[in-house]
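Please look over the fold below before reading on. The paragraphs that follow go from its helices to its cores and then to its charged pairs.

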Amino acid sequence: DLNSIPTGPFLAAVVSSVDRSRLNGYAVVRLMQAEARLENWAAASKLASVAEVAHCPPGNSDSAVERSPEAIEYAASEVAAGLTLTRRAADTLVNEAIWLTSSGQRVMDSMAAGSLSRAKMKVLESTVSHLDHETVDAVLDAVLDESAELTTGQLRYRVSKQVMVED
């Protein structure tokens, strides 16, 4: 059963070896769910790397390993060039990554576990990132565990309702 395998490299190896043509509809849906968990896991990993780029001073392959406590000014340009994105898309990605690795660490952990998609992360980020840490924690306490079972619309509604309760 794919649901019993933790999200990560082993699940990726198992999923990549499956012959879809030998599965019935039920099994293909379970495979698709495992692939979605892997997609969430990979997105969390990429966002963690984007956050690291945001704190790395410019350099070349021989540069020393160093980090800045603040995001560097041209981080979005580095991300745009590295991922072939527009500046605007890269700027959005950098902002999401910085939020996830600071105030949104619990959201990042849910993504890394495979239970939260990037679309749902964006709902959470857009509705709570302007709040103080205590309020964010209270909102996440109320909605994060159930977020995997909600659509993005349902999640937005629940988060907005919880923000009004907490704020």
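Helices (H or I, at least four residues) and strands (E, at least two) are taken here as DSSP runs, numbered from the N terminus. This is a predicted model, in which local features need pLDDT of at least 70 and side-chain atom pairs count only at pLDDT 80 or more, whereas totals for chains, interfaces and linings use all residues. Residues are numbered from 1 along each chain as its sequence is written, and side-chain values use heavy atoms, with hydrogens and water left out.

The protein has eight helices and zero strands, so that reading along the sequence gives the pattern α-α-α-α-α-α-α-α. Its C-alpha trace spans about 50 × 50 × 25 Å along the principal axes. Of the contacts (heavy atoms within 4.5 Å) between residues at least 6 apart in sequence, 55% join residues at least 24 apart. The accessible surface, calculated by the Shrake-Rupley method with a 1.4 Å probe and, for residues, with only the protein chains shown counting as cover, comes to about 9900 Å², and 52% of this belongs to carbon and sulfur atoms.

Of the 167 residues, 34% count as buried, where buried means under 20% relative accessible area, exposed means over 50%, and partly exposed lies in between (1.4 Å probe, protein chains only). In soluble globular proteins, nonpolar side chains tend to be buried together. A nonpolar core is defined here as a set of buried Ala, Val, Leu, Ile, Met, Phe, Trp, Tyr and Cys residues joined through side-chain atoms within 4.5 Å. The largest such core holds 35 residues, and the members that touch the most others are Leu47, Leu100, Val107, Met111, Leu124, Val128 and Val159. At least two residues of this core come from each of helix 2 (25-54), helix 3 (75-83), helix 4 (87-101), helix 5 (105-112), helix 6 (118-128), helix 7 (133-143) and helix 8 (152-166). Val159, leaving aside its neighbours within four places in sequence, is in contact with Leu124, Thr127, Val128, Val139 and Val143. A second, separate core has seven residues, among them Ile5, Leu11, Ala34 and Leu38.

Which residues does His55 touch, once those up to four places away in sequence are not counted? His55 lies in the loop between helix 2 and helix 3, and it touches Glu66, Arg67, Ser68, Pro69, Glu70, Ala71, Ile72 and Ile98. A polar atom of the His55 side chain lies 3.4 Å from the backbone oxygen of Glu70.

Turning to charged pairs, the count comes to six salt bridges, each a side-chain nitrogen of Lys or Arg within 4 Å of a carboxyl oxygen of Asp or Glu. Glu52 forms one of them with Arg67, with the closest N and O atoms 2.5 Å apart; this pair links distant parts of the chain, since Glu52 is in helix 2 and Arg67 is in the loop between helix 2 and helix 3, 15 residues apart. Glu52 is partly exposed at 40% relative accessible area, and Arg67 is partly exposed at 44%.

Arg106 forms a salt bridge with Asp137, the closest N and O atoms being 3.8 Å apart. Because Arg106 lies in helix 5 and Asp137 in helix 7, this pair ties together parts that are 31 residues apart in sequence. Glu146 forms a salt bridge with Arg158, here with the closest N and O atoms 3.0 Å apart. Glu146 lies in the loop between helix 7 and helix 8 and Arg158 in helix 8, so this pair ties together parts 12 residues apart in sequence. Salt bridges that share partners also join Arg106, Asp137 and Asp141 into one network.

Note on methods: Polar contact = N/O pair within 3.5 Å; in protein donor to acceptor, adjacent residues only side chain to side chain.
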